[in-house]
Amino acid sequence: MTTQKRALRNVAIIAHVDHGKTTLIDVLLRQSGAFRDNQRVAERVMDSNDLEKERGITILAKVTSVEWQSEKTPPTRINIVDTPGHADFGGEVERILNMVDGAVILVDAAEGPMPQTKFVLGKALKMGLRPIVAINKIDKPEERHEEVVDEVFELFDALGATDEQLDFHIVYGSAKQGWMSLTPDVGSSDSMGPLLDLIVEHVPEPTIEAGDFRMLATTIEADPFLGRILTGRITSGTVVPNQAVKALSRTGELVEMGRVSKVLAFRGLDRTPIDEGRAGDIVALAGLTKATVADTIVAPSVSAAIPAQPIDPPTLAMTFRVNDSPLAGTEGDKVQSRVIRQRLLREAEGNVALRVTETEGGDAFEVAGRGELQLGILIETMRREGFEVGVSRPRVVMQRDEDGGILEPVEEVTIDVDDEHSGTVIQKLSERKADLVEMKPSGAGRTRVVLHAPTRGLIGYQGELLSDTRGTGIMNRMFHAYVPHKGTIPTRHTGVLISNGDGESVAYAMWNLEDRGPMFIDPGVKVYRGMIVGEHTRGNDLEVNVMKGKQLTNIRSAGKDDAVKLTPPIRMSLERALSYITDAELVEVTPKNIRLRKVHLDPHERKRAERASEDA
């Protein structure tokens with residue numbers, strides 16, 4: 001029931017990784033006057049997290065706003081939400097769509113619509129949004145805007161768009177150069193005005209319902225001064241500081257009663273305290289201590305919760321356990337199980353795509369999420385905070401059908417490779433039980449291969465893809481469906497070299513072991529019994545002594561004292577280490593090091609565990 005309209009627009013910017021949405025928001029803020037002329041502003045200002053800046057991706061959804069007025073449009077405030085572009089963080093995107101009335105789908109003029117675009121667009125169309133399509137990077141030499149527009153239309157149609165949604169508006173431009181235009185001609189515009197005008201003219205004004213205050217919490221964060229801050233769009237009524245409110249769960253159960261200590265609105269990059277938050281606006285509320293994402297914040301007189309958008313289930317799980325290696329506690333200060341438990345539960349509160357389950361004994365926790373990248377980001381964040389944990393190999397979350405059969409998740413994988421490498425990629429993924437769906441040229445001597453592959457088969461494939469394509473392959477993946485179990489998939493073919501004692505690695509010993517396989521460590525590194533120090537060239541594990549020094553004598557002969565020349569070790573990143581290990585191994589993560597180790601450090605315990613698994 002609509003009772004009032006305001007000069008306000010709420011819109012989300014949706015795009016695949018590296019299609020330019022954070023750069024686009026930078027330019028919108030600059031051209032709308034959100035920055036002073038002499039203000040110093042970092043590039044990609046919305047990527048405020050350290051990991052976001054390092055990796056060049058958006059992990060957390062954020063809200064900003066711009067004021068816009070032109071000859072065509074009246075003064076309007078536009079709330080803009082910058083959303084993650086990777087499918088692993090899709091839980092963030094799904095919640096954000098509850099806050100907005102429209103979306104701008106940003107598509108690269110050369111790459112065209114990619115899996116994450118498809119994933120989020122499907123959610124937006126189901127909610128009845130009518131997206132505006134922005135073809136970005138049209139100044140690229142390899143741009144092909146006409147084909148890309150056709151691909152976007154076909155994608156809309158395949159996702160079940162209505163006739164009104166298929167009649168979408170299009171703008172062309174270059175976010176990096178700071179312009180958008182209604183025509184694809186380079187130089188036909190010198191600003192983002194045409195895009196902002198389209199948003200004001202074609203994104204609906206917020207629909208305001210009658211009744212007392214109601215707001216669905218869609219994001220959560222912790223502030224050292226204000227405590228828990230919940231962000232969402234006010235559906236009805238108004239909210240002021242010191243107002244009594246209550247939080248209701250999805251099912252309508254009471255979560256807590258409390259008072260709003262601050263009402264914050266988004267003005268440019270700043271969150272500004274305001275005297276009153278009105279229906280239709282996106283605001284952040286402080287003061288509650290238990291309410292979380294998907295809860296409804298309401299006036300005391302309201303008893304019904306706002307329906308929350310369903311979230312796709314986790315597909316991958318890892319076990320986080322207390323670090324019990326001989327070097328535990330020497331590099332991090334957060335090592336106790338209760339501290340790890342509190343940190344994981346706090347993360348699960350704000351990230352609805354994450355599920356944390358305690359195991360028997362209380363010293364290990366199963367964490368299930370959307371993919372390797374999402375869980376890897378969590379581990380990297382924890383190690384920077386001073387945590388030490390042991391992490392298991394990622395494993396797939398299975399489901400059961402009505403007849404009791406096992407179902408496993410399958411992902412839609414899109415790989416862009418040079419033409420000469422396409423055969424190798426298809427062969428390797430076919431061995432991992434993948435089915436070829438589509439294969440077509442993508443321009444500039446490259447081929448786009450689309451496959452449906454089991455999530456199990458993709459664990460550890462990223463590094464193999466880069467090796468097979470000489471670093472030129474680009475892989476994107478998204479959850480497709482649960483299907484009947486596809487059978488056994490081959491894993492790592494090689495064994496590992498295991499340290500047989502505690503101490504420091506010695507260059508002489510490592511030099512003598514080079515014919516056994518490549519090393520993972522440098523000389524002078526602390527090692528312990530059961531720690532993995534290298535890869536064996538054969539299929540079995542081998543215990544080695546990397547601490548054995550050279551026997552010194554008084555006898556010298558020519559060539560005896562030549563300098564030891566070692567082959568550089570294989571450097572294991574966190575993601576590579578997680579995909580490399582087997583079920584009998586762990587990754588030991590500390591603030592200073594990433595080590596590989598066996599679950600059972602004692603060789604006799606390892607043999608007993610192997611026999612037990614064979615008998616089972």
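Biologist: Where is the place of Lys-137?

Modeller: This is a predicted model. In it, Lys-137 lies in the loop between strand S5 (132-136) and helix H5 (145-158).

Biologist: Why is Lys-137 called buried?

Modeller: Its relative accessible area is 19%. Buried means under 20%, so Lys-137 counts as buried.

Biologist: What is the phi of Lys-137?

Modeller: Lys-137 has a positive phi of about 60°, and it is not a glycine. Most residues other than glycine have a negative phi.

Biologist: Which loop holds Asn-242, and what is its phi?

Modeller: Asn-242 sits in the loop between strand S10 (238-239) and strand S11 (244-248). Its phi is positive, about 75°, although Asn-242 is not a glycine.

Biologist: How do you know whether Asn-242 is buried or exposed?

Modeller: The relative accessible area of Asn-242 is 55%. Exposed means over 50%, so Asn-242 is called exposed.

Biologist: What about Glu-412: buried or exposed?

Modeller: Glu-412 is found in strand S24 (residues 406-418). With a relative accessible area of 11%, against a limit of under 20% for buried, Glu-412 is buried.

Biologist: Which residues does Glu-412 touch?

Modeller: Leaving out residues up to four places away in sequence, Glu-412 touches Lys-118, Val-450, Leu-451, His-452, Asn-476, Arg-477, Met-478 and His-480.

Biologist: What makes helix H7 mostly covered?

Modeller: Helix H7 covers residues 193-202, and seven of its ten residues are buried. They are Gly-193, Leu-195, Leu-196, Asp-197, Leu-198, Ile-199 and Val-200.

Biologist: Why is strand S9 described as largely enclosed?

Modeller: Nine of the ten residues of strand S9 (residues 227-236) are buried, so the rest of the structure largely encloses this strand.

Biologist: Which strands pair with S9, and in what sense?

Modeller: S8 and S9 run antiparallel and are joined by nine bridges. Met-215 stands opposite Ile-234 in S9. S8 and S9 form a hairpin, with three residues between them. S9 also pairs with strand S16 (residues 282-286), in the antiparallel sense and over five bridges. There, Gly-232 has Val-283 of S16 as its bridge partner.

Biologist: How do you know that S8 and strand S17 pair?

Modeller: Two strands pair if there are at least two bridges between them. Strand S8 (residues 214-223) and strand S17 (residues 296-298) are joined by three bridges, so they pair, and they run antiparallel. In this pairing Leu-216 stands opposite Thr-296 in S17.

Biologist: What is the order of the strands in the open sheet?

Modeller: Eight strands form the open sheet, in the order S12-S11-S17-S8-S9-S16-S13-S14, with antiparallel pairing.

Biologist: Why are S12 and S14 said to stand at the edges?

Modeller: Strand S12 (254-259) and strand S14 (270-273) each have a single partner strand, so one side of each is left without a neighbour in the sheet. From one strand to the next, the twist averages 35°.

Biologist: What joins strand S25 to strand S26?

Modeller: Seven bridges join strand S25 (residues 435-443) to strand S26 (residues 446-454), and the two run antiparallel. Pro-441 stands opposite Thr-447 in S26. The hairpin of S25 and S26 has two residues between the strands, and Ala-444 takes a positive phi near 60° there.

Biologist: At what angle do helix H10 and helix H12 pack?

Modeller: Helix H10 (residues 422-431) and helix H12 (residues 461-468) pack at about 155°, and their axes are 10 Å apart.

Biologist: Why is H10 called roughly antiparallel to H12?

Modeller: Angles over 145 degrees count as roughly antiparallel. The angle here is about 155°, so H10 is roughly antiparallel to H12.

Biologist: Which residues make the contact of H10 with H12?

Modeller: H10 contributes Thr-424, Val-425, Lys-428 and Leu-429, and H12 contributes Tyr-461, Glu-464, Leu-465 and Asp-468. These residues divide into four nonpolar, one polar and three charged.

Biologist: How many helices and strands are in the chain, and how much of it is buried?

Modeller: The chain has 15 helices and 34 strands. Of its 616 residues, 52% are buried.

Technical notes:
Residues numbered from 1 in each chain as written. Predicted model: local features only at pLDDT ≥ 70, side-chain atom pairs only at ≥ 80, totals over all residues. Heavy atoms only, no water. Buried < 20%, exposed > 50% of the residue type's maximum accessible area, 1.4 Å probe, protein only. Helix = DSSP H or I, 4+ residues; strand = E, 2+ residues; numbered from the N terminus. Contact = heavy atoms within 4.5 Å. Axes fitted to C-alpha atoms, helices over the stretch in contact; angles between N-to-C directions. Parallel < 35°, antiparallel > 145°, perpendicular 65-115°, else oblique. Nonpolar A, V, L, I, M, F, W, Y, C, P; charged D, E, K, R; others polar.
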